[in-house]
Amino acid sequence: MTSTSTPPGLARFNDLAEHAALAVLTEACASATWAKRLLAARPYPTLDALHTASDAATADLTGDDLAEAMSGHPPIGRPRPGDPASAREQRGMAGASEGLKAEMLELNLAYQERFGHVFLICATGLTGERMRDAVRERLGNAPERERAIVRTELGKINRIRLARLVEED
């Protein structure tokens with residue numbers, strides 16, 4: 001049972017049946033390991049506590065877990081059709097010129113060829129140009145450095161999605 005001081009949206013999340021909570025967590029992050037770890041630590045008294053648990057779970061993801069998490073993210077500039085979260089997060093590319101969209105497609109492909117996974121960035125609030133510049137810069141990273149950046153970006157995305165998940169109606 002949750003405390004009356006727990007924010008209502010967080011209390012609703014804490015009170016979800018296990019299967020329902022697991023479903024909403026895997027929508028936020030496609031890593032089953034991450035979702036199960038957050039599920040096991042319920043109830044959360046505050047959003048900060050939920051974020052702290054998320055950060056710890058993200059930091060502990062294995063390479064395979066991280067790959068599973070990234071599989072839930074479409075390439076920048078190509079949000080999943082019918083997925084409002086994907087479209088909202090990549091809003092900075094929505095009004096981009098056709099030239100910028102074509103360049104991002106090329107850069108996404110080059111990145112995927114170099115690192116073996118989708119280019120992951122917390123795109124919320126970024127313009128198309130900022131995302132393009134980031135992928136250009138990150139293409140020069142060593143794989144180990146890039147993996148660390150991906151983990152950090154995933155953590156930022158997870159925090160935003162969890163906050164949205166427990167917002168009040």
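Predicted model: local features only at pLDDT ≥ 70, side-chain atom pairs only at ≥ 80, totals over all residues.
Let me begin with helix H8, which runs over residues 98-115 and so has 18 residues. From its first C-alpha to its last, H8 reaches 26 Å, which is close to the 26 Å expected at 1.5 Å a residue. Which residues of H8 are buried? They are Leu100, Met104, Leu107, Asn108, Tyr111 and Phe115. If you look down the axis of H8, these buried residues fall within an arc of 110°, so they line one face of the helix. On the face of H8 turned away from the buried side, we find the exposed residues Glu98, Glu106, Leu109 and Glu113.

And what do the buried residues of H8 pack against? Their partners are three helices, namely H7 (91-94), H9 (128-138) and H10 (143-165).

Asn108 lies in helix H8, and with a relative accessibility of 6% it counts as buried, because the cut-off for buried is under 20%. Once its neighbours within four places in sequence are left aside, Asn108 is in contact with Pro75, Ile76 and Phe119. Phe115, which is also found in H8, counts as buried at 13% relative accessibility. Leaving aside the neighbours within four places in sequence, the contacts of Phe115 are Arg138, Leu139, Asn141, Ala142, Pro143 and Glu146. For a sense of distance, Phe115 and Ala94 are separated by 21 residues in sequence and by 26 Å in space, taken from C-alpha to C-alpha. Just after H8 comes Gly116, which takes a positive phi of about 80°. As background, most residues other than glycine have a negative phi, and most peptide bonds are trans.

Let me now turn to helix H1, residues 8-15, whose buried residues are Gly9, Leu10, Ala11, Phe13 and Asn14. The elements that cover these buried residues include helix H2 (18-28), helix H4 (47-59) and H10. H10 was also named among the helices that the buried residues of H8 pack against.

That brings us to a residue within H10 itself, Arg161. Is Arg161 buried or exposed? Its relative accessible area is 14%, and Arg161 is therefore buried. Not counting residues up to four places away in sequence, Arg161 touches Glu27, Ala28, His73 and Glu89.

Next, the empty spaces. Rolling a probe the size of a water molecule over the atoms shows where empty space is left. The model has one cavity of 30 Å³ or more, and the largest cavity has a volume of about 140 Å³. This cavity is lined by 15 residues, of which the closest to its centre are His73, Glu89, Gln90, Ile121 and Ile157. Helix H6 (84-89) and H10 each supply at least two residues of this lining, and H10 gives the most, with three residues. There is also a largest pocket, with a volume of about 270 Å³. Of the 13 residues that line this pocket, the closest to its centre are Val24, Glu27, Ala28, Ala85 and Arg161. The helices H2, H6 and H10 each supply at least two residues of the pocket lining.

Now to the cysteines. A disulfide is a covalent bond between the sulfur atoms of two cysteines. How many disulfides does the count come to? The count comes to zero. The sulfur of Cys29 is 13 Å from the closest cysteine sulfur, which belongs to Cys122, and this is too far for a bond, because the cut-off for a disulfide is a sulfur pair within 2.5 Å. Both cysteines are buried, Cys29 with a relative accessible area of 0% and Cys122 with one of 12%.

Finally, I would like to point out a peptide bond, the one from Arg42 to Pro43, which is cis, with omega near 5°. Pro43 is found in the loop between helix H3 (32-40) and H4.

Notes. Residues numbered from 1 in each chain as written. Heavy atoms only, no water. Helix = DSSP H or I, 4+ residues; strand = E, 2+ residues; numbered from the N terminus. Expected span 1.5 Å × (residues − 1). Buried < 20%, exposed > 50% of the residue type's maximum accessible area, 1.4 Å probe, protein only. Arc of directions from axis to C-beta. Contact = heavy atoms within 4.5 Å. 1 Å grid on protein atoms, 1.4 Å probe; cavity = no way out; pocket = protein on both sides within 12 Å on 5 of 7 lines; lining within 4 Å. Points joined across faces, edges and corners; volume = space filled by probe spheres on them.
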